[in-house]
Protein chains: 2
Amino acid sequence: MNDSGQDAGSSAGSRRKDARRNQQTLLDAAAAVFVTSGVEAPVRDIAAKAGVGMGTIYRHFPTRADLVIAVYRHQVDACAEAGPALLTTSPTPHAALGRWVDLFVDFLVTKHGLAAALQSDSAGFETLHAYFLDRLLPVCTQLLDAAAASGEIRSDLDAYQLMRGIGNLCIGAESDSRYDARRLVALLIAGLRHP
Amino acid sequence: MNDSGQDAGSSAGSRRKDARRNQQTLLDAAAAVFVTSGVEAPVRDIAAKAGVGMGTIYRHFPTRADLVIAVYRHQVDACAEAGPALLTTSPTPHAALGRWVDLFVDFLVTKHGLAAALQSDSAGFETLHAYFLDRLLPVCTQLLDAAAASGEIRSDLDAYQLMRGIGNLCIGAESDSRYDARRLVALLIAGLRHP
DNA sequence: TTGCAAAGCGGAACAGCGCTCCGTATTGTT
DNA sequence: AACAATACGGAGCGCTGTTCCGCTTTGCAA
């Protein structure tokens with residue numbers, strides 16, 4: 001359960017051949033369905049798209065969150081790893097924070113319903129929330145601390161609140177052309193500057 | 001459908017006696033259930049709490065959104081009416097905006113799941129979104145314009161985006177003690193000031 | 001090659017949801 | 001007291017997520 005997604009057999013090829021093949025098929029099908037119908041698409045749709053039964057999906061990914069995590073793991077990891085890099089390549093820590101936040105927002109906004117799922121209180125999605133936090137909170141903390149140390153921003157907002165705020169601002173951004181989450185997040189970051 | 005909530009018979013006592021009594025019973029039951037189980041509580045729970053059948057609830061309130069609107073109508077109206085008043089009693093338009101936003105945030109944060117329902121893309125909740133917008137967008141626009149005219153804030157963010165941003169920031173605030181929506185909204189408003 | 005656990009698969013089945021529909025009961029008017 | 005008109009209750013439909021178990025596939029061992 002707290003194996004942070006995927007199956008017990010990890011990604012190495014230890015299981016039976018058909019099992020490995022189905023796992024990959026499911027990941028591809030899920031990715032495709034998430035794009036067209038959003039992250040909260042019916043599990044049956046994913047199973048159908050993969051040409052697989054319901055049982056198979058739940059054996060490979062015990063909970064929906066595990067499937068979502070598996071699909072987006074690479075991109076979340078990339079986002080996490082970009083943090084320290086940005087800190088060295090940006091003119092100031094505050095600029096690095098801004099760029100990293102842009103990266104995160106772009107990721108969330110382009111994944112239908114992901115931001116909403118992250119904050120959803122429906123059972124089964126806490127794992128998703130936890131994974132994002134585990135992976136990104138340390139990076140965000142590092143960037144925030146650096147920017148605070150350089151004196152550019154106030155230091156009375158912790159990384160958790162910032163990330164939740166950003167995640168919240170991204171909810172519904174993909175389905176409402178009148179709403180520009182990037183702009184609002186930028187405003188929020190602007191509000192962090194010392195008065 | 002676009003009668004903005006409630007029933008055709010409005011609140012006047014034109015219908016049968018038992019119908020009027022049941023409508024009030026339902027409003028009370030819904031208010032009570034919303035407090036304990038949130039706005040997205042099962043309709044059956046509300047019917048049970050009111051000691052009434054499913055049919056009754058849907059005849060009085062054709063959609064869930066209508067019921068939610070009916071329960072909170074007074075408070076939303078109060079919030080809308082407070083806007084112009086604040087404009088005259090506050091030292092500056094920007095201060096009025098800040099106080100009004102606080103009012104709105106306090107309202108959202110104390111109603112379990114209301115902020116989430118507002119942005120929910122589940123069918124049947126667009127009416128709720130529309131009602132809040134109809135009622136509050138003009139007020140927010142007025143406050144925003146006044147603050148922009150006084151030169152205190154930038155004028156390139158419309159009231160719609162601001163309200164959506166605020167609503168989004170309030171999601172989940174009532175069930176996460178580490179997250180303070182009021183603070184983040186304040187930061188967002190701070191970000192509106194001219195640089 | 002063949003036999004046979006072990007591992008994996010499919011989808012029927014269950015529970016919980018919103019919402020509809022219609023036979024029955026209540027009202028108030030004649 | 002009789003009778004429309006109105007309103008009520010809850011069974012039932014379609015949709016979710018999730019579980020469970022009889023059947024199939026796989027791969028090792030003989």
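This is a predicted model: local features need pLDDT of at least 70, side-chain atom pairs count only at pLDDT 80 or more; totals for chains, interfaces and linings use all residues.
A polar contact is a pair of N or O atoms within 3.5 Å. Chains A and B are related by a turn of 180 degrees, and 25 residues lie around DNA strand C, as 25 do around DNA strand D.

**Relation of the two protein chains**

- The C-alpha of B:Gly191 is the one in chain B nearest the axis, at 1.9 Å.
- The copies meet through the same surface, because 100% of the interface residues of chain B are also interface residues in chain A.

**DNA strand C**

- The residues that come nearest, out of the 25 around DNA strand C, are A:Arg16, A:Asn22, A:Thr56, A:Arg59 and B:Arg44.
- Sugar or phosphate makes up 55% of the atoms of DNA strand C within 4 Å of the protein, and bases make up the rest.
- Phosphate oxygens of DNA strand C are approached by the backbone from both chains: a backbone N or O atom of A:Asp18 is 3.5 Å from one, and a polar backbone atom of B:Lys17 is 3.4 Å from one.
- At least two residues of the surface near DNA strand C come from each of helix 1 and helix 3 of chain A, and from each of helix 1, helix 2 (43-50) and helix 3 of chain B.
- Helix 3 of chain A gives the largest share of this surface, five residues.
- By class, the surface near DNA strand C holds ten charged, eight nonpolar and seven polar residues.

**DNA strand D**

- Around DNA strand D, A:Met54, B:Arg16, B:Asn22, B:Gly55 and B:Arg59 come nearest among the 25 residues. Of the atoms of DNA strand D that come within 4 Å of the protein, 56% belong to sugar and phosphate.
- Backbone contacts to phosphate oxygens of DNA strand D include a polar atom of A:Val43 at 3.1 Å and a polar atom of B:Gly53 at 2.9 Å.
- The side chain of B:Thr56 also contributes, with an N or O atom 2.8 Å from a phosphate oxygen of DNA strand D. Two or more residues of the surface near DNA strand D are given by each of helix 1 (17-37), helix 2 (43-50) and helix 3 (54-60) of chain A, and by each of helix 1 (17-37) and helix 3 (54-60) of chain B.
- Helix 3 of chain B supplies the largest share of the surface near DNA strand D, with five residues.
- The surface near DNA strand D consists of ten charged, eight nonpolar and seven polar residues.

**Annotated regions of chain A**

- An unreviewed UniProt entry gives "DNA-binding region" for residues 42-61 of chain A. In the model, residues 42-61 are 75% helix and 0% strand, and the end C-alpha atoms of the span lie 14 Å apart.
- UniProt also lists "domain: HTH tetR-type" (unreviewed entry) for residues 20-79 of chain A. Residues 20-79 are 82% helix and 0% strand, with 27 Å between the end C-alpha atoms.

**Confidence in chain A**

- Chain A has a mean pLDDT of 91, and 93% of its residues reach 70 or more.
- Residues 1-10 of chain A stay under 50 in pLDDT, and the model has 18 contacts beyond four places in sequence for them.

Note on methods: Residues are numbered from 1 along each chain as its sequence is written. Chains are lettered from A and ligands numbered from 1 in the order in which they are written. Side-chain values use heavy atoms; hydrogens and water are left out. A residue is near a molecule or strand if one of its heavy atoms lies within 4 Å of it. A polar contact is a pair of N or O atoms within 3.5 Å; within protein, one must be able to donate a hydrogen and the other to accept it, and residues adjacent in sequence count only if both atoms are side-chain atoms. Helices (H or I, at least four residues) and strands (E, at least two) are DSSP runs, numbered from the N terminus. Ala, Val, Leu, Ile, Met, Phe, Trp, Tyr, Cys and Pro count as nonpolar, Asp, Glu, Lys and Arg as charged, and the others, Gly among them, as polar. Copies are superposed by least squares on the C-alpha atoms of residues with pLDDT of at least 70 in both. Contact means heavy atoms within 4.5 Å. UniProt positions are given in the numbering used here, feature names are shortened, and annotations may be inferred rather than shown by experiment. pLDDT is the predictor's confidence in each residue, from 0 to 100.
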